[in-house]
Amino acid sequence: MEAIEVTGLRKTYKNREAVDGIDLVVARGEIFALLGPNGAGKTTTVEILEGHRRRSGGDVRVLGEDPGKAGSAWRTRVGIVLQDAADAADLTVREMIRHVGGFYPEPRSADEVIELVGLTAKSKSKIRTLSGGQRRRVDVALGIVGRPELLFLDEPTTGFDPEARRQFWELIRKLAGDGTTIVLTTHYLDEAEALADRLAVMADGRIVAEGTPATLGGRSGAAARVRWRTADGVAHDERHEDPTELIHRLVNTGVDLTTLTITRPTLEDTYLSLIGEAR
Amino acid sequence: MSAGTFSPAPGRAPMRTIIGKQIRMELLLTARRGEAVVLAMGVPLLVLLGAGLFEVTNLPTDDRLGFVVPGVLALTVMSTAFTGQAITTGYERSYGVLKRLGASPLTRPGLLLAKTAAVLVQIVLQVLVLGAVGFAVGWRPHGDQLLPAIAVTVLAAAGYSGLALLLASVLKPETTTGAATLIYVLMLSVGGIMFAAPDLGTAGWFLLPLAAHAEALRDTLLYDTSVPFAIWLSLGTWAVVFLTAAARNFRWE
């Protein structure tokens, strides 16, 4: 059974199609990333999958149930890290995590979760005294304290410093390695590339491309860009399906190879052209 | 870290346990908000001892405590069910606390239930403490009309809660705080707590629920008579109108 199956999902606000008929399948144990610019419909989609928002149409199954109708037993199997950092002003990190852990039948211990998200030094601090990035880690801790089968992360690393992001990625890989299915939305393409088994790009409420980070949008088959500079200082910039023959020719004509670069489109190039086309 | 630390282990904690935990947390949070506790207990105590024991205001009766204590009880119900609740809910909504807890296994109806229960527990505790203090300094109420007194209090609390949740849903948290405090001060001054409320006839009961509630408590506890129909109607209307409006407009984020 798949973790998530979505067909023809639609969400209409007053006179705007926020989500305009999307299909999605996420397999168990997979890390799936949803990319897209602000307003593309990512958060709306994820909130419908979380059972947080009603849909206008389409069929949705999450862990075999319709999230719009599922009860509290289903909720204990799903972990959610919302986009906006929350703040329970007068609770310490440890109190908050222990409290929410108490809603689940077999929670992780508060200290274990605090260590996993790297907040051990802050465990006795009140949440309102933490920095934005530290509060975000509290959010993540609350998402995993109940040992979810399926974890939703909506822009989880916003406000993290580079080291904290790397630690967070390790945590996500560890969770996935133990069988947790992970659905992640993010603005950071390096994050999607580093973590995701598969990803989809949304723009204007539609999915405009879907694939692995290596193949998204025909990336692996795209032409390579070859650039070099000849001795007289003239810059050359050419696109080739197979640059091998060109390189041979350049070597034979005695071009200074220290100026030679061969690049394939990065995930960012592919992404920008995908959302550019959709506009 | 042992193997299997990460393996998913789904299941179900009983809803009653979950809500019980949330009620305890709500009470703990209230206890930690010093200013909320002062507003909820300090002001009523001050009014009770000040206006109840000393000739600082003119009252329509010689039994100062008999007049003041029921008013103070009504004031406490308002400050907890309305002022305190509006301010906390407004901020929790803007901080995203409601949205997150509503997304957890607690669920949204569970959260509302826990909050309501926590408010009721607070009101019961406050009424007991204030009643005991009143009794200690010489308040001797009648007990025959206790049931209508409790019923009219539940009705008043329901109306206040509805108005609190409605304000917190439609206003920004800072505006909610301002409005809730203003209404508190306004009601305190014209609500018939420290001196008689302005005589507006029956219309007054509909405009000033605090005055209506205080009057009902005096009728039952001081004069040992029944609650006037106009007061039942006014507090009933408040409860129905504002709970309905709150249910329609309540927002989690």
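With a relative accessibility of 9%, Glu155(A) counts as buried, where buried means under 20% relative accessible area, exposed over 50% and partly exposed in between, with a 1.4 Å probe and protein chains only. The model shown is predicted, and local features need pLDDT of at least 70, side-chain atom pairs count only at pLDDT 80 or more, while totals for chains, interfaces and linings use all residues. Residues are numbered from 1 along each chain as its sequence is written, chains are lettered from A and ligands numbered from 1 in the order in which they are written, and side-chain values use heavy atoms, with hydrogens and water left out. Glu155(A) sits in the loop that joins strand S6 (150-154) to helix H6 (162-177) of chain A; helices (H or I, at least four residues) and strands (E, at least two) are DSSP runs numbered from the N terminus. Although Glu155(A) is not a glycine, its phi is positive, at about 50°. Most residues other than glycine have a negative phi.

Asp224(B) belongs to the loop between helix H9 (209-221) and H10 of chain B, and its relative accessible area of 27% makes Asp224(B) partly exposed.

Over all chains the count comes to one aromatic pair, by a rule under which rings of Phe, Tyr and Trp (its six-membered ring) pair if their centres lie within 6.5 Å, with planes under 30 degrees apart counted as stacked, over 60 as edge-to-face and the rest as tilted. The pair is formed by Trp238(B) and Phe242(B), is tilted, and has 5.0 Å from centre to centre with 55° between the planes. Both residues lie in helix H10 (residues 229-249) of chain B, four residues apart, which is about one turn of the helix. Trp238(B) counts as buried because its relative accessibility is 14%.

**The buried residues of helix H3 in chain A.** In helix H3 (residues 93-101) of chain A, the buried residues are Val93(A), Met96(A), Ile97(A), His99(A), Val100(A) and Gly101(A). Their cover comes from both chains: it includes helix H4 (110-116) and helix H5 (132-144) of chain A, together with helix H1 (15-32) and helix H4 (97-103) of chain B. Contact here means heavy atoms within 4.5 Å.

**Leu182(B) on helix H7 of chain B.** Leu182(B) lies in helix H7 (residues 173-190) of chain B and counts as exposed, because its relative accessibility is 59%. Between Leu182(B) and Trp139(B) there are 43 residues of separation in sequence and 30 Å in space, taken from C-alpha to C-alpha.

An unreviewed UniProt entry places the feature "transmembrane region" at several stretches of chain B, among them residues 112-137 and 227-247; UniProt positions are given in the numbering used here, feature names are shortened, and annotations may be inferred rather than shown by experiment. Over residues 112-137 of chain B the model is 96% helix and 0% strand, with the end C-alpha atoms 38 Å apart, whereas over residues 227-247 of chain B it is 90% helix and 0% strand, with the end C-alpha atoms 28 Å apart. The annotation "domain: ABC-2 type transporter transmembrane", also from an unreviewed UniProt entry, covers residues 47-221 of chain B, and over that span the chain is 78% helix and 0% strand, with 18 Å between the end C-alpha atoms.

**The two chains as the setting for these views.** Chain B contains 10 helices and zero strands, and 51% of its 253 residues count as buried. Its C-alpha atoms fill a box of roughly 75 × 35 × 30 Å along the principal axes. Chain A has nine helices and 12 strands, and buried residues make up 51% of its 279 residues. Along its principal axes, the C-alpha trace of chain A spans about 75 × 45 × 35 Å. The domain assignment of chain A gives domain 1 (4-217) and domain 2 (223-263), with bounds that come from an automatic or database domain assignment, and the C-alpha centres of these two domains of chain A lie 44 Å apart.
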